[in-house]
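Biologist: Could we go through this structure together, one part at a time? Please show it first.

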Amino acid sequence: MATLVWEYLREYENEREDILDAVETVFGSGRLILAESVRGFEEEFAAYHGVGHCVGVDNGTNAIKLGLQAIGVKPGDEVITVSNTAAPTVLAIDAVGATPVFVDVHRENYLMDVEQVAAAITPRTRCLLPVHLYGQCVDMAPLEALAAQHDLTIFEDCAQAHGARHHGRLAGTMGKAAAFSFYPTKVLGAYGDGGATITSDDTTEQNLRRLRYYGMEKTYYVVETPGHNSRLDEVHAEILRRKLRRLDDYIAGRRAVAARYAEGLGDTELVLPALAEGNDHVYYVYVVRHPRRDDIIEALKAYDIHLNISYPWPVHTMTGFAHLGYTKGQLPVTEELADEIFSLPMYPSLSSGVQDKVISAVREVLSRL
């Protein structure tokens, strides 16, 4: 939808001067790798969350992968998570040699069904990995209780939940460490790839800094433990510093768009996003549900509205994870949702005119089903 592409670019037009100044600041400094902009962003992102440390990396997948390694997850360990997530969540677990173990999600809000976690714990379980999906948080209190009872570590996937709160606590502050993605479409997005892991644990932070830089710590020439080349770029970091100051404004804009959708579509047969108890939603995506999802998406193309599905194929059904041994029917809610969910356009720069066009088109399509 050309109009929506233009709407997405509106953010750049609104912030162009600041973005280009950020680029000039980095280029003019002559320091392009792990310099002042990365350090500044790390300090400011940690301060925003009220935690001790932030370590910037090259993307959100590596923020999870390096984070898991930093907290001590090893080959052969099990990590309990969900299948209704972006595949990188599970790819990161697999990349450290651990085994992902899936539990189902709630039909109402699509988040981890924490009541199923206890039965999934085995002697090999090392970590619980809740995914704060679509912009709101998993129910953390019972998950924290399970972690304490079984001496497990909680690692939060916050790629879709920048600024979301659960009973007043920010996403990313309820476990030992947490990973964020700064992919351009995120609530806080760079102008390219980027990620970060936050923690208040000093040892985890030291491990992260070593792991992202080849396994080196004291000098460039000495690898102390095998690591990676996974550094947040200076340009992206400087842009993120500027955008972090506007994060709360972005969230307010997304909530306004969500409220307009709720007003315009609340009386239809679409199932609109449900706010889980205690949550402050940031609406990274606006996920709705309908049993005739595919017919709706196809019909909306006639209005030049092309919608996304997050996610049409649960991770446990993908051929790349067949070795995990899951069969269709083991996660019934996840599988049901995959056939029904889809996303309406959502970003803070979405104009009321374009949003009204979307609402009107959806209502017309629904009336003809």
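Biologist: Let us begin with S37. Which helix does S37 lie in?

Modeller: This is a predicted model. In it, S37 is part of helix 2, which covers residues 36–49.

Biologist: Is S37 buried or exposed?

Modeller: S37 counts as buried, because its relative accessibility is 4% and the cut-off for buried is under 20%.

Biologist: Which residues does S37 touch, leaving out those up to four places away in sequence?

Modeller: With those left out, S37 touches V26, E234, A237, E238 and R241.

Biologist: And with which side chain does the side chain of S37 make a polar contact?

Modeller: That partner is the side chain of E238, and the contact has a length of 2.6 Å. E238 is also among the residues that S37 touches.

Biologist: What volume does the largest pocket have?

Modeller: The volume of the largest pocket is about 1,000 Å³.

Biologist: How many residues line the largest pocket, and which lie nearest its centre?

Modeller: The lining of the largest pocket consists of 44 residues. Nearest its centre are Y183, T185, Y284, V285 and N308.

Biologist: Which helix gives the most to that lining?

Modeller: Helix 1 does, with four residues. Elements that each supply at least two residues include helix 1 (2–29), helix 9 (247–265) and strand 12 (341–344).

Biologist: What about the classes of residue in the lining of the largest pocket?

Modeller: That lining has 23 nonpolar residues, 15 polar residues and six charged residues.

Biologist: How much space lies in the second largest pocket?

Modeller: The second largest pocket holds about 170 Å³. Its lining has 15 residues, and H106, N109, V138, D139 and A276 lie nearest the centre. By class, seven of the lining residues are nonpolar, five are polar and three are charged.

Biologist: Over how many bridges do strand 6 and strand 7 pair?

Modeller: Strand 6, residues 165–166, pairs with strand 7 over two bridges.

Terms used:
Residues numbered from 1 in each chain as written. Predicted model: local features only at pLDDT ≥ 70, side-chain atom pairs only at ≥ 80, totals over all residues. Heavy atoms only, no water. 1 Å grid on protein atoms, 1.4 Å probe; cavity = no way out; pocket = protein on both sides within 12 Å on 5 of 7 lines; lining within 4 Å. Points joined across faces, edges and corners; volume = space filled by probe spheres on them. Nonpolar A, V, L, I, M, F, W, Y, C, P; charged D, E, K, R; others polar. Pairing = 2+ DSSP bridges. Buried < 20%, exposed > 50% of the residue type's maximum accessible area, 1.4 Å probe, protein only. Polar contact = N/O pair within 3.5 Å; in protein donor to acceptor, adjacent residues only side chain to side chain. Contact = heavy atoms within 4.5 Å.
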